[in-house]
Amino acid sequence: MSRSSEGVETVRRIYMDNAATTPVDPQVVEAMLPYFTRYFGNASSLHIFGREAYDALENARLSIARLIGAEKDEIIFTAGGTESDNIAIKGIALRNRSRGKHIVTSPIEHPAVVETCSYLEMLGFRVTYVPVDRFGVVDLSELEKTVTRETVLVTIQHANNEIGTIQDIEAIGRIAKEKGIPFHTDAVQSVGKIPVDVKKANVDLLSIASHKFHGPKGVGALYVRKGVSLDPLVHGGGQEKGLRSSTENIPGIVGIGKAAEIACSRMIPDGQHVSAMRDRIIRRVLDQIPLSYLNGHPTQRLPNNVNFRFDGLEGESLVLSLDGKGVAASTGSACSSKKLRPSHVLMAIGLNEVQAHGSLRMTLGRENTDEEVSYVLGVLPEVVSKMRAISPLWQKKIEVEKWRGKVSVQPEAR
Ligand SMILES: *Cc1c(COP(=O)(O)O)cnc(C)c1O
């Protein structure tokens, strides 16, 4: 708690859920505003209003292309990360369905990919999930073995939204290229945070979402390498090379373009700032909180992601207690945190159901400060021990651990 000038107690608010969404950068808002009112034209119109909108559209396309090392005409705008994933996966599958009906993916994809692949299974496609190790890294030799002449698509994410693990997409791209199979990657969590180069990674299709890197919600982009053809999902006026008909959302597109420009210019310093905070949190928590573990890869992980597992605790109640202290965190993906099913990602890396329910994700952003981290590091151990004291799961755990002689900690009686 802190006191405002009126002496009223206000709960402080610390946002550490940047994997769910990020605040829009004020410069992005400023860039967007004129496109609602002054430059409101339809980019397909021939008159000056149309040309202004068209110029803004093409400018934004160039900014996205620059951010990922693509050509301008390889970018199409969409209504978000989910739509980009759907257009890429269904578009490739439908276009090539006479050639083969096999898709290769991983068991730790975002629901936008998982559910799209399940839908294609209903349509008669076969989907193979290449296993991951306990850090969430895809097994490359298994990947090589899985691919057949029937395979029409490999879709494997760049970075995981729950545990932050980064895949070696260059290696995956090389394997796909050797076998002549299109490679799609959901790069929604990585673009804008770590360098992404579609040429170096041999990526054919890559999904981007604006609101994960300080742009507006409801806008995304899809990179489609020159020469790769897909069936459209939405038919109509033929905008965005016929892949995404509908009058372009110019203000949103201006927003994602500006967000990309900003990300280009400050990705390196932001990455250093954010990863230093990440490492400080990881070190302190693992040091100070008994029976706490890091989920995800110790080094190959997003600069802003921490994900812990605390024995004897439920992530949901931990998130609520932290919320009470003004700290916004999550149990995992924003999309699954309201469901009671354990995270499919945590299950895939080998946790059991109880363990998978005891996880806490904190995803940092460029606005977070060292002072905020200090506050969080102050409240977290306290919250964990208070909750453990009243947790039957923890009492049981402590009995077992004492019996094994593994811990000397006593269940805190507070
Ligand atoms: C957020 C997210 C998505 C979905 O993006 P939306 O813009 O919310 O549709 C897809 N994939 C990953 C990895 C994400 O983190």
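On the side of domain 1 that touches domain 2, α5 (111-122) and α8 (250-288) each supply at least two residues, helices being DSSP runs of H or I with at least four residues and strands runs of E with at least two, numbered from the N terminus. The residues of this side divide into 15 nonpolar, 10 polar and five charged, where Ala, Val, Leu, Ile, Met, Phe, Trp, Tyr, Cys and Pro count as nonpolar, Asp, Glu, Lys and Arg as charged, and the others, Gly among them, as polar.

The model is predicted, so that local features need pLDDT of at least 70 and side-chain atom pairs count only at pLDDT 80 or more, whereas totals for chains, interfaces and linings use all residues. Residues are numbered from 1 along each chain as its sequence is written, and side-chain values use heavy atoms, with hydrogens and water left out.

The domain assignment, which is automatic or taken from a database, gives domain 1 (26-263) and domain 2 (267-403). In contact, meaning heavy atoms within 4.5 Å, are 30 residues of domain 1 and 25 residues of domain 2. The two domains bury about 2300 Å² between them, 62% of it on carbon and sulfur atoms, buried area being the accessible area (1.4 Å probe) that two parts lose on being put together, summed over both. In domain 1, E162, I163 and H214 lose the most area to domain 2, together 31% of what that side buries.

Zero salt bridges are found across this interface, a salt bridge being a side-chain nitrogen of Lys or Arg within 4 Å of a carboxyl oxygen of Asp or Glu. The structure as a whole holds 22 salt bridges. D25 forms one with R366, the closest N and O atoms being 2.8 Å apart. Because D25 lies in the loop between β3 (14-15) and α1 (26-32) and R366 in the loop between β14 (359-363) and α12 (370-389), the pair ties together parts that are 341 residues apart in sequence.

The residues near the ligand (a heavy atom within 4 Å) include H110, N161 and K212. A backbone N or O atom of G81 lies 2.9 Å from a ligand oxygen atom, while a polar side-chain atom of T82 lies 2.6 Å from an oxygen atom of the ligand.

Key:
A polar contact is a pair of N or O atoms within 3.5 Å; within protein, one must be able to donate a hydrogen and the other to accept it, and residues adjacent in sequence count only if both atoms are side-chain atoms.
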